[in-house]
Every structure is written in C-alpha cells, then in structure tokens.
Amino acid sequence: MFYARLGQRIIHILGTYTPSGVLYQVDMRLRPSGASGLLVSGIEGFSDYQREQAWTWEHQALVRARPVAGDPAIADGFAAVRRRELARVRDPEDLRREVAEMRTRMRQSHAGAGDGSFDLKQDPGGIADIEFMVQYAVLRWAREYPALLQWTDNVRLLDELAAARLLASDDARFLKDAYRFYRAQVHRLTLQESPAVIAREAVDFYRPGVARLWEALMET
C-alpha cells in the first residue's frame, strides 16, 4: 500500500503543469497488465512479465527505457532484465511483421494531419517511423552486437548500427538529421502550446527519404 501511494504521488508530481505545459505525460495504461495491473511491481515480477507475457511492442519500449532516479540496486536489476529481453533469440521475419503491424495500427488510430499538413510524430515518414526502425534493428541484432544494448537514444543507436554495418552510413546519417530536425520542430511547437503539425512542404527533404528507408527495411 505504501509503494502504491508513493507511485500515485510520483505520477501526480510528474503531471504538474508548468509555464511550458505538462512536465511529463504519464500514460498508466501502458504498465504491465494494462489499466487493471498493479501500479508497482518488484524486479522479479517485472522480469517474469517481460519473459512470459510481454508483447513485442513492450520490448520495443525497453529499447528506450532507462532508470533516472532511485536505488542503484533496483536500477542494476532493471538493467539486467532489459539486457536479457533485448538480446533474446527472435525470428527475424516474425519480428519484422509484428513491428510493422504495430506501426500500421498506430497510423490507423491517429488520423492524418490532412490539408497539406504533416504530423511530425505519426504521419508516414515521420518520427515514429524512425523510432520503430531503430527499435526493430535493436531487437533483431542486439544478441549479436551487444554494443546496441549500451544506449537508449535513437541518435547513438543509429551510430552503433552504422558502426556494425547493419545500416549504411549515409542512411544512418540521413535518419539522424531527419530525427533531429523533426524533434527540433516538435520542441518549438510544444513551447508554443501547438500540436506537432507543420506544412507538408517543410519536410519534403526528409519525409520521402524516411518513407523509402522504412519500406526497404520493414516491408521487404
């Protein structure tokens, strides 16, 4: 009960409204077992869930997951679970299909910006496509290339994919540039309290290239 109440308090603090908007948006529906799951679980319970019940998209989330505060022993335990799950043996084609299907569902659940506009996060050729490609690559190759387990951010993961020759250097550089450009636009719009939508022609340099790489990696 103590830890459940502590968790609720932390969520409340993270959702604080600041002059720049909500501090952190926390979606508790994404926890293990969904909205009906426990608010707090121990390392062993988390480990069992990840090993026996978690979906591929939940392992995708582990690619970006990292401890930011708390007991070092808990952080070490989480890191061990993360490394194990990201490096598990997977069938490449099943993995590709599951990641692509999840991306399709995301696109279907988020209506396109329309009217010559571009949703930086969700439209084809945007941020989500880059993130899903990186997550797919980590889940596919982390067992053979442990350096992929070291980082949680997309830019350094793209560097590692290029260093391991799993992704062409020019393609990795292009995706990094596109990701940085998209994120800069999102941050600017967030500070203006505006949705992450811009004119489609403003991304004509990056959008087709990201879409091309998505097709080459995820739809071949």
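The dialogue below goes through the terms applied to this predicted model and the values behind them.

Reader: How many helices and strands does the protein chain have, and in what order do the elements run?

Author: The protein chain has 9 helices and 4 strands, and from the N terminus on its elements run α-β-β-α-α-α-α-β-α-α-α-β-α.

Reader: Which residues make the contact between α6 and α7, and of what classes are they?

Author: On the α6 side the contact is made by Glu131, Val134, Ala137, Val138 and Trp141, and on the α7 side by Asn154, Leu157, Leu158 and Leu161. By class, this contact has 7 nonpolar, 1 polar and 1 charged residues.

Reader: Why is α8 also called oblique to α9, when their axes cross at roughly 130°?

Author: Helix α8 (residues 169–191) and helix α9 (residues 207–218) have axes that come within 10 Å and cross at roughly 130°. Because the roughly perpendicular class ends at 115 degrees and the roughly antiparallel class takes angles over 145, an angle of roughly 130° leaves α8 oblique to α9. The crossing of α8 and α9 is left-handed. The contact is made by Asp171, Phe174, Leu175, Ala178 and Tyr182 of α8, together with Arg207, Gly209, Val210, Arg212 and Leu213 of α9, and by class it has 6 nonpolar, 1 polar and 3 charged residues.

Reader: Which residues of helix α3 are buried, and what covers them?

Author: In helix α3 (residues 56–64) the buried residues are Thr56, Glu58, His59, Gln60, Leu62 and Val63, and what covers them includes α2 (43–52), α4 (72–86), α5 (92–109), α6 and α7.

Reader: Why is Trp57 called partly exposed?

Author: Trp57, which is found in helix α3, has a relative accessible area of 30%; since buried means under 20% and exposed means over 50%, this value lies in between and Trp57 is partly exposed. Residues up to four places away in sequence not counted, Trp57 touches Leu30 and Met102. The C-alpha atoms of Trp57 and Glu98, 41 residues apart along the chain, are separated by 8.1 Å.

Reader: How do you know that Glu85 is buried?

Author: Glu85, whose place is in helix α4, has a relative accessible area of 2%, and because the cut-off for buried is under 20%, Glu85 is buried. Its neighbours within four places in sequence left aside, Glu85 is in contact with Gln50, Arg51, His59, Leu62 and Arg90; among the buried residues of α3 are His59 and Leu62.

Technical notes
Residues are numbered from 1 along each chain as its sequence is written. This is a predicted model: local features need pLDDT of at least 70, side-chain atom pairs count only at pLDDT 80 or more; totals for chains, interfaces and linings use all residues. Side-chain values use heavy atoms; hydrogens and water are left out. Contact means heavy atoms within 4.5 Å. Helices (H or I, at least four residues) and strands (E, at least two) are DSSP runs, numbered from the N terminus. Ala, Val, Leu, Ile, Met, Phe, Trp, Tyr, Cys and Pro count as nonpolar, Asp, Glu, Lys and Arg as charged, and the others, Gly among them, as polar. Buried means under 20% relative accessible area, exposed over 50%, partly exposed in between (1.4 Å probe, protein chains only). Axes are lines fitted to C-alpha atoms, for helices over the stretch in contact, and angles run from 0 to 180 degrees between N-to-C directions. Angles under 35 degrees count as roughly parallel, over 145 as roughly antiparallel, 65 to 115 as roughly perpendicular and the rest as oblique. A crossing is left-handed if the near helix is turned anticlockwise from the far one by less than a right angle, and right-handed if clockwise.
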